[in-house]
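Welcome, and please open your viewer with the model loaded.

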Amino acid sequence: MTYAKAGVNARQIHDTHKLLARRLESTFATRKGKVGWPIFPIGHYAGLVDLGQGRVLSLHTDSVGTKVLVAQMMRRYDTIGIDCVAMCANDLICTGAEPFSFLDYIAMARPDHDIVDKIAIGLAKGAKEARMAIVGGETAVVPELMAENAKFDLVGFATGFCKKKNLILGDRVREDDVLVGVSSSGIHSNGLSLARRVLLKRYDLKETPPGLERSLGDELLEPTRIYVKPVMEMVKDMEIHGLAHITGGGAFLKLGRVVGRAKLGADLDDLPEPPGIFRLIKRTGRIDDSEMYRTFNMGVGLVVVCPESEANPIIRTFRKHRQAAMLIGRIERKQGIRINGKPLN
């Protein structure tokens, strides 16, 4: 089984993104010489616009994908909002920006006060963890747009702030920099189409499969970890050359967004043993390692690129915030991303 066979072809999505970027970047000229002039091409973790006086606004929008279907099946909606905030905030910090405001969009097949209330609980909890204010949003009832088995969809939009001189975009990555991996809380909000296709044919969401310590539904709904606090602490005092949020549409290939800016590559040869949920997906779906590392975070939700001298202070900072971190690899001159010596294409 592959992600493409489950209905999500990451390569086609990448090609679509490139097409969109070519079309949409033509709008950049509308702000030339004005506040809001884009200073970076579309395709990094966030859009970056110039506010003047050496200041930059970072913007990102994202959803939680088909994790909403798991929430519906479990009839549990109080965690999905955390995921929505996390998917936006974790991408913003990969530019060095501090997240500060958030908007949500909830589309519903029909009005449901209880679902909205539970979603709001998660949104508020996630925003507090990310130190963001939720300043508004939109709720729309669109029955014709929703699939028969879908009750709602959830999308977020976040903004962050950074001084231009402090942006972290990957251009400062150097050969022999090291990679610090930070643990995920589980599957996060990526690859659920493949995970559901593989696992729900064999297990019930209330069942505890071999290798897990709780029900499958609880495991899949574990909220995405938010990395804002430790990263914001580090960028003030430590030398960081790159940050990569390991999410869907490429997973570990997203390191290429960062190290590729310096025309370098990354060797990940000391990754931790993947948590039980990933071993279960791999075993049940008979999925090869490359497909797993292209689709899932495999237990590493964030990667920090830094000089070797900064690795231990960075690891200690994450551990202070009760997030496990460890050395997982090194930057090399040869371009591309490699897992245990094998190219990840």
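Helices here are DSSP runs of H or I with at least four residues, numbered from the N terminus. Their axes are lines fitted to C-alpha atoms over the stretch in contact, and angles run from 0 to 180 degrees between N-to-C directions. This is a predicted model, where local features need pLDDT of at least 70 and side-chain atom pairs count only at pLDDT 80 or more. Residues are numbered from 1 along each chain, and side-chain values use heavy atoms, with hydrogens and water left out.

**First selection: two helices**

Select residues 192–199, which form helix 5, and residues 276–285, which form helix 9. The two pack at an angle of about 60 degrees, and their axes are 9 Å apart. That angle makes helix 5 oblique to helix 9 (under 35 degrees would be roughly parallel, over 145 roughly antiparallel, 65 to 115 roughly perpendicular, and the rest is oblique).

Now show the side chains. Which residues make the contact (heavy atoms within 4.5 Å)? On helix 5 they are Ala-195, Val-198 and Leu-199; helix 9 brings Ile-277, Leu-280, Ile-281, Thr-284 and Gly-285.

Move on to Cys-84 and Cys-88, and display their sulfurs. How many disulfides (pairs of cysteine sulfur atoms within 2.5 Å) are there by this rule? The count is zero. For Cys-84, the nearest cysteine sulfur belongs to Cys-88, 5.3 Å away, and that is too far for a bond.

Finally, colour by accessibility. Cys-84 counts as buried (under 20% relative accessible area, with a 1.4 Å probe and protein chains only) because its relative accessibility is 0%. Cys-88 is buried too, also at 0%.

Definitions and conventions
Contact means heavy atoms within 4.5 Å. A disulfide is a pair of cysteine sulfur atoms within 2.5 Å. Buried means under 20% relative accessible area, exposed over 50%, partly exposed in between (1.4 Å probe, protein chains only).
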